[in-house]
Each structure stands twice: as C-alpha cells, then as structure tokens.
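Subject: Structure for your review

Dear colleague,

Please find below the sequence and structure that I am handing over to you. My findings follow it, and I would be grateful if you read them with the structure open.

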Amino acid sequence: MKHLYPILMFVFLSSMLSAQKNPNLAKTPPMGWNSWNRFACNVDENLIRNMADVMVSSGMKDAGYEYVVIDDCWQVSRDKNGVIVPDPKRFPSGIKALADYIHSKGLKLGIYSDAGRFTCQHRPGSYGYEELDAKTYASWNVDYLKYDWCATQGIDPKLVYPKMSAALAQSGRDIVFSICEWGSSRPWSWATNVGHLWRTTEDIVDCYDCKTDWGGMGWTLILDEQVGLEKYAHPGAWNDPDMLEVGNKMLKYNESQAHFSFWCLLAAPLMAGNDLVTMSDSTKSILLNKEAIAVDQDPIGVEGSKKYDDGDFEIWTKPLQNGDIALILFNRNKHEFQFPVDWSWAGINGNWKLRDLWQHKDIGTTADWKSFAIKGHSVLFFRLSKIG
Ligand code: GLA
C-alpha cells in the first residue's frame, strides 16, 4: 500500500492542477447586460436579440459592454442523452443561432446554469452533467457561463465549481466562468484559480438600502459587504457585487449615479440589468460615462476601498495606472450637507489636479478645496492626477 502513496498523490495533484480556469480571460472586469434584474423568467430569443441590437445602437458596445447574458429559465429539460434542452417556445431557433446573431454584432453570448440539481427557478441544474454541459455550451459557441448555487444540499462548492471550471477550460472554447455562490463559502479565499469572477453577496434588489426577508439587498448594503475583500481582486479574478440596477424603477437619478460610481471604483463587473430598449437619456448618461468606465477597466486592476467613514460621509479611493487615483465622496444621508474634507483622511498628500467624472471637467486642485456640498444619497466622483 505504502508504495501507492506517491502515485495517488501525483494523481490527486495533477487533477487539482488541471482543475483550473482558463487563465487568459477577463483581464479587466467583464461588461455586458444580463436579463435577470429586469426580466426574470420572461426571456426569449427576440428579447435577447433586441438587447444586442440596442447594445450596439446606443453606443454601449463602443463603451466596452460586450457580453449579452441570458440568466435563468432558458432551459426546460434534458434529452435522452442528457443534453440540456432550451425552451422550444421561447428559443425556437436554439442557442447556437442566437450566439451566431450576437457574434455577428461583434458581441458575445453568456448563459446561465447551476452547480446543483436544479436552478433557482427549478430548471435542470448541471450537477453530474458538468462535462456534458460544458461541451454543449462550447458547441453552441457560448462565451460566458454564470453558475448559480440553488439545490445544492450536501454539495461542496470547492469541488463542484472547480469541476465545471476545468470542464469549461477543456471545452476547446474561451468561456468566462462567473461563480454565483452568493459569498456563502467565501469564494474569494478559494476561487482565484477557479472563476474569473465570484459573487460576494446575496442578490441585489432595486432600492437604495432596503433588505428583503430572503436576503436580497439594496446596493448600499451590498457596498458595505465589500469592505475587506479588495485584496482578493486582480486581473482575471474579480469580486462581483452583483448586476447593476441602474435604469430600473426604484433608484433616483443621483442614487443610480452613486451606484454606478461605486461599482466602477470597486472594479466590479459592469452588467447592466435594465431594459436597454426603453432606457431614458439619463440612464444612458450613466451607463455610458466613459470616464467612469475607464476607472472600472483600469489595466492595473486594483479594487478600490474605503478610507474614511463618519456614519454619513464616506471617502473611497482606487489606485489607477500612472499613479492617478479615483476618489468618491459619498453622502449616505438623505439630506444635503457641506462636508469638510481633509485629503489626508484618504491618504492623499501634496497637490493633485481634480477632475469631476460626472461633470466631465477639471475643477481645480486639492489645495483649492477644503469642503464640498453633497446632495443626499449622492456622490462626487473624481480622478486625481499628481501635480509636479
Ligand atoms: C439567484 C442568483 C440571481 C439570479 C437568480 C435566477 O438568485 O443569485 O442572480 O441568477 O438566481 O433564478
């Protein structure tokens, strides 16, 4: 028996090593659109095509949005060979035809499954079908998989996520792997070589600071849970605070603007979650803010973090390429206040040029500004460049 140990060890180690993600993807946080926040199960191929069309015509594609992701409910059953079957009423042309259409627009297609026996909407999950499903998605030319965590009683995430990751990496196609395990087993501590992004919390809901009985949260509560996770993010491996609610019903303009600013500062995946076809000009002005997106997509890939918090007033910063710094001043309270700012609270010394990323203009230097009036539930979002 003893002489078998080295062999068993070798087999175990090589299976661990091969259970690694495709290392060449998501060097900056993935950007795109996902159907869930706005449409839930009400998805079909026409909707997905329309979203792809608008992603191009609205300028989103030029701004960097790339993945069109169909979330839950596209699948209905498995055939006699175990192959997953798309809903024939909602996706009569099949997923491959949809992928071809999306690719003809210069975009990429994402799809959704679940590490358990069922998806969260009780559609077939991938448990026990990981390799077959990865091969099927690759044969449909799918580019991105969001992999959920429902119906997983008794299943170890540290085994099943690597299993799907390896299956995707070996599928012969570049497929981004988005782990959606809600942060339950602290995936930031084990998923660096498994996924390109991992959800850090329960689902976002369309509000500023509400909490649902099933654990859904408004974006400010999700923001609070990102504190301390920044050290785990880097190019190819991102914390995912969930998809955007910008342009949905409940957030006011300034709240949406603040939500988007923070997701950019966090180097979060930017997955629009609204109806792109009917979006207003003000929603567009948020989703298409290229200076904000440049903060999110900054090539050094450092996630921003909180530097100051007095309960109502917070300061967050994110280091950028060339020594620039992105900085958010956040008034969490609903009333407007004049906040004194000592730049050293954010670790900023010396004189820096201040560019306002929502007004799109330079507003002087840090030496010029000792306080700011900030409306309730709003941010000021700056890019700082060192002078001299
Ligand atoms: C879970 C996920 C959501 C969404 C739904 C779909 O709740 O966290 O993002 O994918 O399932 O059923």
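A salt bridge joins glutamate 291 to arginine 355, and the closest N and O atoms of this pair are 2.5 Å apart. Please bear in mind that this is a predicted model.

Domain 1 brings 25 residues to the contact, and domain 2 brings 22 residues.

How much area do domain 1 and domain 2 bury between them? The figure is about 2100 Å², with 65% of it on carbon and sulfur atoms. On the side of domain 1, Leu265, Glu291 and Val295 together supply 31% of the area buried against domain 2, more than any other three residues.

Polar links also cross this interface. Two salt bridges are counted between domain 1 and domain 2, and twelve residue pairs are found in polar contact across the interface.

Which elements give two or more residues to the side of domain 1 that touches domain 2? They are α8 (219–224), α9 (253–265), α10 (281–287) and α11 (290–296). Of these, α9 gives the most, with nine residues. By type, the residues on this side of domain 1 divide into 14 nonpolar, six polar and five charged.

Yours sincerely,
A colleague

Methods:
Residues are numbered from 1 along each chain as its sequence is written. This is a predicted model: local features need pLDDT of at least 70, side-chain atom pairs count only at pLDDT 80 or more; totals for chains, interfaces and linings use all residues. Side-chain values use heavy atoms; hydrogens and water are left out. Contact means heavy atoms within 4.5 Å. Buried area is the accessible area (1.4 Å probe) that two parts lose on being put together, summed over both. A salt bridge is a side-chain nitrogen of Lys or Arg within 4 Å of a carboxyl oxygen of Asp or Glu. A polar contact is a pair of N or O atoms within 3.5 Å; within protein, one must be able to donate a hydrogen and the other to accept it, and residues adjacent in sequence count only if both atoms are side-chain atoms. Helices (H or I, at least four residues) and strands (E, at least two) are DSSP runs, numbered from the N terminus. Ala, Val, Leu, Ile, Met, Phe, Trp, Tyr, Cys and Pro count as nonpolar, Asp, Glu, Lys and Arg as charged, and the others, Gly among them, as polar.
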